[in-house]
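Please keep the sequence and the structure in view while reading.

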Amino acid sequence: MAKILGGIATSHIPAIGVAMDQGLEQTPYWKDFFDAYPPVREWLYKQEPDIAVIFYNDHGLEFFHDRKPTFAIGAAALYENADEGWGIAEIPPVTGETELSWHIVNQLIEHEFDITVCQEMKVDHGLTVPLTLMWPGHKYGHIKVIPIAINCERHPMPKPSRCFDFGKAIGDAIRSYSGNQKVVVFGTGGLSHQLDGQRAGFINKPFDLYCMDKIVNEPEALTKFTNFDLVEQAGSQGVELNMWLAMRGALQGALTELHRSYHLPISNTGAGLQLLATTDAISKGSMLI
Amino acid sequence: MGQLGHIPGNIMFDGPMATKGYPLNKMCYSFNNANGREAFLANEDEYCENFGLSAEQKLAVKKRDVIAMLEAGGSIYYLAKFAGILGLNVQDVGGLQTGMTTEEFKAFLVQQGER
């Protein structure tokens, strides 16, 4: 049976991709942020996952408002990146994994999640920035990726509790897949930020730290929030916490928090990084990392 | 505001706003393509006309008034693509919306980590 090694939550701000393109990682603005990533990269290097399931939101590259799925999954062999309109460099295509994608789709439909399936899907910075962060130099071609997009751009959007349950259903689907594949699950985006309105620039550090505490062993506390609560507490784009909740929902059993970092501001955002390992992660000596 | 209550300084982008803002957002969506960006810059009025923007939307675009564009149904994800044409980043746009200079806005962001 396929195993889920753990979950990684990370910011996906486009400016991160631009900073990496321009080699700015060690400049004063960026240093603390980027210095948090090597331990997570090292863990991935040692765990050798075969597949990454990535929860992200599309920022108007693949989906416009003419057809906007609440939940969408890719079932393609390859995913292209493309111009998003404001200058972030396009990156090489992402490798897909169609068999597990279809298995997840079948399992989701069986468990009351009627998802949109995309056999072609352009992936934007929401997905590509996390990949670039984990495998710098665009060295992510070896890992098979399953993109799962959650609507975080237009209300109504799925409730936090629903996103958590959605992640649970996906975790169950992965674990029911025959084979010995090793899977890592990503929740991208967040944490608090507001880009629009007179409230632009709003960041809520105490709330972000609360969410990072609760997501480890008490994620149900976070599923009590409504999306309105998230907008109020974390800003209009703070609803991206829903993707962290989907990631957390996919994890099962005892978790070990191996890494955590929080830094603000990165662009307009409170940027969190968190690594939660399951008991299926491969132990290296006395430490999991 | 709308069915979701009101948070001061926040405009909820919900279904009715998506209906109202459809032409404006559709135009901004076209800015994913370099051809669209060039066509807008070559003849802004004609480009807005082709996408069927309302008078309110055309005026907001002409004045580069971000708050007015939001009130006219603009989604920040699509307005960001418009800001890109103008060479503005999200801190510039934050400043425009809050009445701060970009530097003041950046300092405001930093301050929130010091609380």
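How many bridges join strand E3 (residues 71–74) of chain A to E7(A), and do the two run parallel or antiparallel? In this predicted model, three bridges join them, and the two strands run antiparallel; within this pairing, Ile73(A) has Ile148(A) of E7(A) as its bridge partner. Strand E2 (residues 51–56) of chain A is also joined to E7(A), here by six bridges and in a parallel direction, and Val53(A) has Ile146(A) as its bridge partner in E7(A). Because six of the seven residues of strand E7 (residues 144–150) of chain A are buried, this strand is largely enclosed by the rest of the structure.

Over all chains, the structure holds 23 aromatic pairs, and two of them are set out below.

| Pair | Centre to centre | Angle between planes | Kind |
|---|---|---|---|
| Tyr29(A) and Trp30(A) | 5.2 Å | 75 degrees | edge-to-face |
| Phe40(B) and Phe82(B) | 5.4 Å | 80 degrees | edge-to-face |

Phe40(B) lies in helix H3 (residues 34–42) of chain B and Phe82(B) in helix H7 (residues 76–85) of chain B, so their pair ties together parts that are 42 residues apart in sequence. Phe40(B) is buried, with a relative accessible area of 1%, and Phe82(B) is buried too, at 2%.

In chain A, Tyr29(A) is partly exposed, with a relative accessible area of 40%, whereas Trp30(A) counts as buried at 8%. Tyr29(A) and Trp30(A) form one aromatic cluster together with Phe33(A), Phe34(A) and Tyr37(A). A charge also meets a ring in this chain: the charged end of Arg199(A) sits over the ring of Phe202(A), 4.1 Å from its centre.

Key: Residues numbered from 1 in each chain as written. Chains lettered and ligands numbered in written order. Predicted model: local features only at pLDDT ≥ 70, side-chain atom pairs only at ≥ 80, totals over all residues. Heavy atoms only, no water. Buried < 20%, exposed > 50% of the residue type's maximum accessible area, 1.4 Å probe, protein only. Helix = DSSP H or I, 4+ residues; strand = E, 2+ residues; numbered from the N terminus. Pairing = 2+ DSSP bridges. Phe/Tyr/Trp six-rings, centres within 6.5 Å; stacked < 30°, edge-to-face > 60°. Lys NZ or Arg CZ within 6 Å of the ring centre and 35° of its normal.
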